[in-house]
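Here is a short report on one protein model. It covers fold, core, surface and backbone geometry.

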Amino acid sequence: MNWIFVCRECREGGAALAEAAAKILADRPNWRVTLAGCMSGCRGGASLAARAPGKTAYLFSPVEPEDLPGLAAFAALYEASPDGAIEDARPLGSLRLKALARIPPHPFALDPEA
């Protein structure tokens, strides 16, 4: 399962942005959108994070409603990548400019012996 977390505490985030993200991903059954507490990515807009077991996690901010069309491209590229790394972010449109962090997967997910 792949997850999108939307900050419920960001001034321009919350339920409306999460609802819009869920509509964009409605045809992708392997994605869930949920509200989360503060992700410390505040820069004037909402924070949005993406993660899945064994994959790179992403933190985007400030995300505005006009950035959300890139979420569909992100979801497709993320699902297609074995480790979640997206090498060419241009298909994400303006969302690519909002990436604050790429967090590698936990080593245990890559090597259970670690």
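Where is the place of Leu 92? Leu 92 sits in the loop between H2 and E5.

## Basis of the model

This is a predicted model, in which local features need pLDDT of at least 70, side-chain atom pairs count only at pLDDT 80 or more, and totals for chains, interfaces and linings use all residues. Residues are numbered from 1 along each chain as its sequence is written, and side-chain values use heavy atoms, with hydrogens and water left out.

## Fold and dimensions

The protein has three helices and five strands. Helices (H or I, at least four residues) and strands (E, at least two) are DSSP runs, numbered from the N terminus. From the N terminus on, the order is β-α-β-β-β-α-β-α.

The C-alpha trace spans about 40 × 25 × 25 Å along its principal axes. A compact globule of 114 residues would have a radius of gyration near 13 Å, and the protein agrees, with 13 Å. That radius is taken over C-alpha atoms, and the globule rule is 2.2 Å times the number of residues to the power 0.38. Contact means heavy atoms within 4.5 Å. Of the contacts with a separation of 6 or more, 66% join residues 24 or more positions apart.

## The nonpolar core

A nonpolar core is a set of buried Ala, Val, Leu, Ile, Met, Phe, Trp, Tyr and Cys residues joined through side-chain atoms within 4.5 Å. The largest one holds 24 residues. Ile 4, Leu 48, Phe 60, Leu 71 and Phe 74 touch the most other members. Strand E1 (2-7), helix H1 (15-24), strand E3 (46-51), strand E4 (57-63) and helix H2 (69-80) each give two or more residues to this core. H2 gives the most, with four residues.

Leaving aside neighbours within four places in sequence, Phe 74 is in contact with Trp 31, Ala 50, Tyr 58, Phe 60, Ile 86, Leu 92 and Leu 95. Leu 92, in turn, touches Phe 60, Gly 70, Ala 73, Phe 74 and Leu 77, not counting residues up to four places away in sequence. Leu 92 is buried, at 3% relative accessible area. Leu 92 and Trp 3 are 89 residues apart in sequence and 17 Å apart in space, C-alpha to C-alpha.

## Burial and surface

Buried means under 20% relative accessible area, exposed over 50%, and partly exposed in between (1.4 Å probe, protein chains only). Of the 114 residues, 39% count as buried. The accessible surface comes to about 6200 Å², with 56% of it belonging to carbon and sulfur atoms. These areas come from the Shrake-Rupley method with a 1.4 Å probe.

Is Glu 87 buried or exposed? Glu 87 counts as exposed, at 73% relative accessibility. Glu 87 lies in the loop between H2 and strand E5 (99-103). Ala 22, in helix H1, is partly exposed at 35%. Ala 22 and Leu 71 are 49 residues apart in sequence and 10.0 Å apart in space, C-alpha to C-alpha.

## Backbone exceptions

Most residues other than glycine have a negative phi, and most peptide bonds are trans. Ser 40 has a positive phi of about 55° although it is not a glycine. Ser 40 is found in the loop between strand E2 (31-36) and E3, and is exposed at 66% relative accessible area. The peptide bond from Ser 61 to Pro 62 is cis, with omega near -10°. Pro 62 lies in strand E4.
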